[in-house]
Amino acid sequence: MRIVLFLWGLVGVAGPIRAADFELTPTLQRGYGEVLKLKVQDGRRMIAGEVTRKNGVAIYVDNLADMVTLLVSDDRKLYEQWDDREDQRLDVLRSLDENSPWQRFTQAEVRLHWAFVKLKFGQEVSACWDVIRAYKLLEENRKKFPGFLPTYKSLGLLHVMIGAVPDNFTWVTRMLGLRGNIRQGLEEIRTVVHKDTLFQTEARLIDLLIRAYVLKFTEADATNLKTMVENGPDNLLLHFFATSVLMKDAQSEDALRFLNKRPTGPDYLPFPILEYLKAEILVQKAHYTQAAGSYRAFLNQYKGVNFLKDTNYKLFLCYWLSDDDTRALPYLRQVGSVGSAVVESDKAAQKFAEAYFKKGVSVRQKILMKARLATDGGFYDTALTTLRPYTESSFSLVSEKAEFNYRKGRIFQRRGDADEAMPYFERAIRLSEASQLSYGATSALQLGYIYQQKRNPAKARQYFQKALSYKKHEYKNSIDNKARAALNELSTDSSAP
């Protein structure tokens, strides 16, 4: 899920400084706050005079506005119009007072912002070089100005990312001079949370996002996130964070509540992905007609290429699960001809469409799909009721048998009954082995978490490594990232004094 990477780049600005090249005025602070709320036009108007006089802090905020706009819109034409702005801003920042801790920090932030944008638009190599250069600037800043807190928030994020690199690739990071681990990064971010009130909100948000997308997201984390959003009722970006993270944590009912309470109006950037998220929740709740309306609204508003395959696939599901195959099939045929297959949901949609038209899909798949959608949303009673009349032998294909076991295991695990879940996960792994099905990888990951909670690190490590061993499946990137992060955490814990 790449869109989620830009969220980690939203870092703040610090208290009063004396160097005129980097002057933080009250107007700049307000403009920065407006940009982070996605009131980008208001923010740009507030900082325009400071940008003109080449105030480095204003240049940083202006760059942040570009990043937010591009990542929210996914507008490739706009990206092509603005792609020279990174070099222009870096040239200006390099010419400013090098004795200010802001000089290297703002350069690093500009590079990180554009790295996230480049990842969004498929320029991975250029993005990687930006990240490397940002890291070196931040490390230099840490050595020269060890008390400058913004450095630790950004550097902490990079240390977490470096720590999640798989063991067989750590030689690359060492060769490039990149050092860090997940525990170190989290401690740096939390230092900012505890020691600087101005940076506290952004640092807390970065910490929560790391937990949601790299580590494990706990009930306490969810409570903290909900509190943050409730304390910022006019902040559209926070409402997006809460919606996407809570959905990922199978708390779709709460996510829908925040989505419906989000601030709206012409002052905010258009944010079509919110219609997509609303549709996702509605389809989980089996409100298929309403979901189809929201998916179509997303398609009408959106200018990008990601999620198009998935949206057409989901429109297919809205009608297919309502037993209206005639209306469903035209949407599934669209999957192969629209958008790109970069994000995992688009890859999964394309895989389903290809399988459907090549060899068909059994009627039993509707049962598994309804259970999956309900489980993804956190509607566990509905999911269990859907599967209760069936056993593994009710399904003829090995892939369906594996999915049935994985779904049962996940439902019990989410309901807090890990011991009940474990045999289902084990069975899913055995059934998935020969064909390297994703259900085996996801089951292994969940067993790793269960054994980690049971304080059995040897078994946990065994299952995390098992999850990594699956070579080809549509969720490999996200499963591998989580498994590597968990292994890193286990290694760090075992080496702690």
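Are Arg89 and Asp62 buried or exposed? Both residues are buried, a class defined as under 20% relative accessible area, with exposed meaning over 50% and partly exposed the range in between (1.4 Å probe, protein chains only).

## Basis of the report

This is a predicted model, in which local features need pLDDT of at least 70 and side-chain atom pairs count only at pLDDT 80 or more, while totals for chains, interfaces and linings use all residues. Residues are numbered from 1 along each chain as its sequence is written, and side-chain values use heavy atoms, with hydrogens and water left out.

## The buried pair and its network

A salt bridge is taken as a side-chain nitrogen of Lys or Arg within 4 Å of a carboxyl oxygen of Asp or Glu. The count under this rule is 37 salt bridges.

Helices here are DSSP runs (H or I, at least four residues), numbered from the N terminus. Arg89 and Asp62 also belong to a network of salt bridges that includes Arg44, Asp66 and Arg85.

Arg415 forms a salt bridge with Asp381, and the closest N and O atoms are 2.6 Å apart. This pair, too, links distant parts of the chain: Arg415 lies in the loop between helix 23 (398-414) and helix 24 (418-432), Asp381 in helix 22 (residues 380-387), and 34 residues separate them. Arg415 is partly exposed, because its relative accessible area is 44%, whereas Asp381 is exposed at 52%.

## A negative surface patch

Glu80, Asp83, Asp84 and Asp87 form a negative surface patch. Patches of this kind consist of residues with over 30% relative accessible area and no salt bridge, like charges being joined within 9 Å; Asp and Glu count as negative. The charge is placed at CG of Asp or CD of Glu, and accessible areas follow the Shrake-Rupley method with a 1.4 Å probe.

Note on methods
Patch = residues over 30% accessible without salt bridge, like charges linked within 9 Å, V, L, I, M, F, W, Y side chains within 5 Å. Helix = DSSP H or I, 4+ residues; strand = E, 2+ residues; numbered from the N terminus.
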